[in-house]
Amino acid sequence: MQFVDLKSQYRHLKSSIDTRIHAVLDHGQYILGPEVKELESKLAARAGAKYCIGCASGTDALLLALLALNVKAGDEVITSAFTFFATGEMIALIGAKPVFVDIDPVTYNIDAAAIEAAITPRTKAIMPVSLYGQPAAMDEINDIAAKHNLPVIEDAAQSFGSLYKGRHSGNLSTIGCTSFFPSKPLGCYGDGGACFTNDDALAEYMLELRNHGQQGRYHHTSIGINGRLDTIQAAVLLAKLEVFDNELLARNEVADQYSAALHEAIPVPQVTPDNTSAWAQYTIEVDDREQLAARLQQAGIPTAVHYPAPLHKQPIFAEANGGLSLPHSERAAERVISLPMHPYLEPGEIQKVANAVKGALAESRK
Ligand SMILES: *Cc1c(COP(=O)(O)O)cnc(C)c1O
């Protein structure tokens, strides 16, 4: 069994993916070819956003958003302590200070009620993360941001495809950033990402920043990056976008089957009434994660930990956050474990995983 089965997906989509890739090989416009624009307009339409700017990774999407909002050295950006490293990393890379806030232990997303206390005169932006596939409490976050005149960047790397009060993750804030890393709900065959916005000036600036700060060929008006989305990756994404809604349904079915089989044995993941989830991960909490992982491995079932340490405890951030205690993030990091999750899991495989989880839990309670 695979944790994320990209080979099964390719077998299902082979002819459309091959056709799309061969079209690029035939026209030869590998950098910013027509597929990039086609993808950007389809993604923008899907999200209901005015603009989508394709870029080289989810990490670059975060960097482009921070650069476009003019976040600089010495500024502070409020974010979740419980996320993939890139969220805090890009804030720190530009010399700003990531200010880590604890999570809501039910959704694992930033605790909106804890944000205001973290705002200082140096705060330049709020960067919530929509973890495991469901959006953060964006209305609450946007209200606090508006009150303090701050922009909001949603890290939607795991949540593209999900809805918050009927609106699309990625298009819930000043700028939304997503990732097309192969194992994300919408993934390409390498690195890729995108930014979404409804702001004309920000969109224009991010287009410029992703291509060396160029306004026209060899006319550089700002300091940017080489952060373009490859045409071949856009081609792969165009083929996968055709089936994305079906895959989201399949992911929801997998999650429902896991929860039906597990809910009597263990608390199962909760999606709030405001949200749908793209189910980037199906993540549970257990007392003895090592034991569960070992038992599942013996049964041929891979697991993963997202993530084993909150960012304020990562070596590079630990010193600056020595006295910081964020108990929900710390507890989650010690207890979470993710089960195989992809749209091509068979009901028999889901049952096998659930049975193995229940067996391991029963054993550990003896
Ligand atoms: C995957 C991920 C990123 C980074 O995306 P890449 O495409 O791998 O650079 C950023 N934030 C979160 C929450 C992620 O899950």
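Which residues does the domain assignment give to domain 1, and which to domain 2? Domain 1 takes 6–101 + 113–241. Domain 2 takes 244–364. The model is predicted. The C-alpha centres of the two domains lie 25 Å apart.

**Interface of domain 1 and domain 2**

- On the domain 1 side, 35 residues are in contact with domain 2. On the domain 2 side, 33 residues take part in the contact.
- The two domains bury about 2,800 Å² between them. Carbon and sulfur atoms carry 61% of that area.
- F82, F100 and Y132 supply 26% of the area that domain 1 buries against domain 2. That is more than any other three residues supply.

**Polar links across the interface**

- The count of residue pairs in polar contact between domain 1 and domain 2 is 16, with both residues at pLDDT 80 or more.
- Several elements give two or more residues to the side of domain 1 that touches domain 2. The helices are α1 (6–27), α4 (85–93) and α7 (231–241). The strands are β3 (97–101) and β6 (163–164).
- By residue class, this side of domain 1 divides into 18 nonpolar, 12 polar and five charged residues.
- The rule finds one salt bridge across the interface of domain 1 and domain 2.
- R46 forms a salt bridge with D245. The closest N and O atoms of R46 and D245 are 2.9 Å apart.

**Ligand surroundings**

- There are 16 residues around the ligand. Of these, G58, T59, D155, S179 and K184 come nearest.
- D155 faces a nitrogen atom of the ligand. An N or O atom in the D155 side chain is 2.7 Å from that nitrogen.
- Q158 has a polar side-chain atom 2.8 Å from an oxygen atom of the ligand.
- K184 also places a polar side-chain atom 2.8 Å from an oxygen atom of the ligand.

**Salt bridges**

- By the rule used here, the count comes to 13 salt bridges.
- One of them pairs K14 with D18. Their closest N and O atoms are 2.7 Å apart.
- Why are K14 and D18 separated by about one helical turn? The reason is their spacing, because K14 and D18 are four residues apart in helix α1.
- Helix α1 (6–27) is also among the elements on the side of domain 1 that touches domain 2.

Notes:
Residues are numbered from 1 along each chain as its sequence is written. This is a predicted model: local features need pLDDT of at least 70, side-chain atom pairs count only at pLDDT 80 or more; totals for chains, interfaces and linings use all residues. Side-chain values use heavy atoms; hydrogens and water are left out. Domain bounds come from an automatic or database domain assignment. Contact means heavy atoms within 4.5 Å. Buried area is the accessible area (1.4 Å probe) that two parts lose on being put together, summed over both. A salt bridge is a side-chain nitrogen of Lys or Arg within 4 Å of a carboxyl oxygen of Asp or Glu. A polar contact is a pair of N or O atoms within 3.5 Å; within protein, one must be able to donate a hydrogen and the other to accept it, and residues adjacent in sequence count only if both atoms are side-chain atoms. Ala, Val, Leu, Ile, Met, Phe, Trp, Tyr, Cys and Pro count as nonpolar, Asp, Glu, Lys and Arg as charged, and the others, Gly among them, as polar. A residue is near a molecule or strand if one of its heavy atoms lies within 4 Å of it.
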